[in-house]
Amino acid sequence: MKVSSVVVLLFLSISSAHSAKEGKAKEGTTTTTNEPKSSRGLCVVGCTPYINPYDETAGVRKWNALVQEMAENCDIMVHVGDTKAGGAVCDRDLMTGPIHTMIEAARETGTAVLYAPGDNELNDCHRDGSRVPPRPADFYKAADARAFLISDLGVDNKDETDLTGQYKVDFHTMAGTIPGTNDSYDCAFDKYFAVKDEGYAVATLEVLGSQWYLADQSGSSSYPNQDTVDPLADRLAMYLNAKDCALDWIEQSAAKAHASGLRSVVFLFQAHYWNLDVYGNVVGHLPSDGIGEYYKPENLAELTMALTGEAIEEPFQPLYDKLTEVAFNYPHIMFYVAHADSHVWTNIRQNSYASNAGDNIITHHNLMILQVEGDSRALTQYAKLTFEKDAFQPVTPHQIWSETAYALPPYGHSFIKYQ
C-alpha cells in the first residue's frame with residue numbers, strides 16, 4: 001500500500017485546497033514581495049515528524065498543530081532536514097509531505113518557507129536496497145532522491161521565490177565543474193533571504209549528517225550492499241558539489257549582509273558538524289570516526305586521491321574552518337548556525353574554548369550554534385529566533401513548547417515512530 005493514498009487525508013498540505021494553491025503558484029499568479037511585513041521572527045524545526053501518515057494516533061495531528069502554530073507566529077519557517085526517520089522507507093510522500101504541510105499553512109498566514117535537506121531523505125535511501133533482502137522504495141540512490149526533492153518542492157523554481165511562492169529569495173549559482181567530473185556545480189538548496197527591516201538574513205545550505213554524503217555502511221551486517229546500490233564514488237561527487245557550494249555561499253551571504261548593514265545572519269542546514277572536549281567546549285569539527293561503522297576514512301582518502309588528487313579524510317573540517325574564518329572577518333555581525341541531526345536542544349558558541357587575552361584576539365565570540373530538538377520532542381517544540389537590529393545582542397533563540405501539540409494524541413512529548 002502506497003503512502004500517497006493515505007497522506008491525502010492526514011497531512012494537511014496534500015489536500016484539494018493545497019493542490020489548487022500549488023497550481024496557482026506554478027502559473028505565476030502568486031503575489032511576490034521582498035520581505036515580510038511583520039516582526040514575528042524565524043522558526044526552525046528538524047528531524048521531524050518521523051510519523052506514519054497511515055495512523056492519525058501516531059502524531060500526525062501534533063505535527064499539523066505545531067506547523068499551524070509556527071505559521072501564525074513566525075515570519076519565516078525553515079525545516080532543516082530529516083523529514084522521515086533514517087530507517088523509514090524512501091517514499092515520496094514521507095519525504096516531502098511534511099514540507100507541503102508547512103507550505104500550505106504558510107500561504108494562509110503570509111509566512112515564508114525554506115528547506116535544507118537531511119541525510120535521512122538522501123544518503124540513507126540506500127538502506128532500502130542494500131539490506132538483505134532489499135525492500136521496495138521509490139529511491140535507492142541519493143542522487144535520485146535529491147532530484148526528486150528539488151522537483152517536487154520547487155526548490156529551483158523559475159520565479160526564484162521561497163517554497164510558498166510569496167517572497168523573492170537569492171539563489172546560488174557557481175561557475176566551473178565538480179572536481180573529478182565534467183558536471184557543472186548545482187547549488188539548488190542554497191538560498192538567501194534578508195529581512196532588512198529587522199536587520200537579519202537567513203541562508204540555507206546543503207550540509208547533511210552521515211558525514212555529508214560520505215558515510216559507508218557496506219562493512220556492516222545491516223547494509224552490506226551499500227557500495228553496490230549507491231557507490232561511494234558517486235556520492236563523493238555529491239559531497240564535493242555540496243561542500244564547494246556551501247563554502248562559497250557562506251562567504252557570499254556574509255558579504256551580502258555586511259553590504260546591507262545587517263546585524264545577524266543565520267545559516268541553516270541539517271548536520272551536526274562540531275565536536276566537544278571533556279569540558280563541554282566546542283573545539284573543532286566532528287571527526288571522521290564520529291559515527292563508528294558508518295565511515296571508513298582510509299577507504300575515502302584512497303578513493304578521493306585517485307579521483308581528485310586530494311585525499312579527503314575529514315569531510316566537515318572545511319565547513320568548520322570557513323564558518324570560523326567568516327565570523328572572524330565580520331566581527332560586527334552575530335552569526336548563528338541552526339541545525340538538527342543529534343535531536344537535543346543545544347545553544348553554544350563555536351570555538352568556545354578560546355580565551356582572548358589583550359590584543360591576542362582568537363575569536364570575536366560572534367558565532368553561535370543552535371541545535372534544535374528532534375525525534376518525539378520535535379512534534380511539541382520548535383526553535384524561534386527573534387531579532388533586534390539596534391540591540392547589543394541582536395538575535396536571541398527561544399525554545400517554544402506547544403501546549404496544543406502536547407495535548408494531542410499520543411499525549412505529551414511522545415509519538416509512534418515510523419521506521
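**Helix pair**

I began with helix α9 (residues 232–259) and helix α11 (residues 317–329), whose axes come within 10 Å and cross at roughly 5°. Axes here are lines fitted to C-alpha atoms, for helices over the stretch in contact, with angles running from 0 to 180 degrees between N-to-C directions. The crossing makes α9 roughly parallel to α11, a term for angles under 35 degrees, with over 145 counted as roughly antiparallel, 65 to 115 as roughly perpendicular and the rest as oblique. Helices (H or I, at least four residues) and strands (E, at least two) are DSSP runs numbered from the N terminus.

I then listed the residues in contact, meaning heavy atoms within 4.5 Å. From α9 I noted Tyr 239, Lys 243, Leu 247, Ile 250, Glu 251 and Ala 254, which meet Pro 318, Leu 319, Lys 322, Leu 323, Glu 325 and Val 326 of α11. The residues of this contact divide into eight nonpolar, no polar and four charged. Ala, Val, Leu, Ile, Met, Phe, Trp, Tyr, Cys and Pro count as nonpolar, Asp, Glu, Lys and Arg as charged, and the others, Gly among them, as polar.

**Basis of the model**

I record that this is a predicted model, in which local features need pLDDT of at least 70 and side-chain atom pairs count only at pLDDT 80 or more, while totals for chains, interfaces and linings use all residues. Residues are numbered from 1 along each chain as its sequence is written, and side-chain values use heavy atoms, with hydrogens and water left out.

The protein chain averages a pLDDT (the predictor's confidence in each residue, from 0 to 100) of 89, and 89% of the residues score at least 70. I found pLDDT under 50 over residues 1–9, with 17 contacts beyond four places in sequence, and again over residues 13–30, with 29 such contacts. Where pLDDT is low, the predicted coordinates should not be read in detail.

**Disulfides**

My search of the whole structure found three disulfides, each a pair of cysteine sulfur atoms within 2.5 Å.

The sulfur atoms of Cys 43 and Cys 74 are 1.9 Å apart. The torsion about their S-S bond is about -75°, so this disulfide is left-handed. Cys 43 lies in strand β1 (residues 42–45) and Cys 74 in the loop between α3 (60–73) and β2 (76–79), 31 residues apart. Both Cys 43 and Cys 74 are buried, that is, under 20% relative accessible area, against over 50% for exposed and in between for partly exposed (1.4 Å probe, protein chains only).

For Cys 90 and Cys 125 I noted a sulfur separation of 2.0 Å. Their S-S torsion is about -90°, so this link is left-handed too.

Cys 187 is joined to Cys 245 with S to S 2.0 Å, and the link is left-handed, with -70° about the S-S bond. Cys 245 belongs to helix α9, whereas Cys 187 lies in the loop between β4 (170–171) and β5 (191–195), 58 residues away.

**Backbone entries**

Most residues other than glycine have a negative phi, and most peptide bonds are trans. I noted a cis peptide bond between Val 132 and Pro 133, with omega about -5°, and a cis bond from Pro 409 to Pro 410, with omega near -10°. Tyr 213 has a positive phi near 85°, and Asn 351 has a positive phi near 60°.
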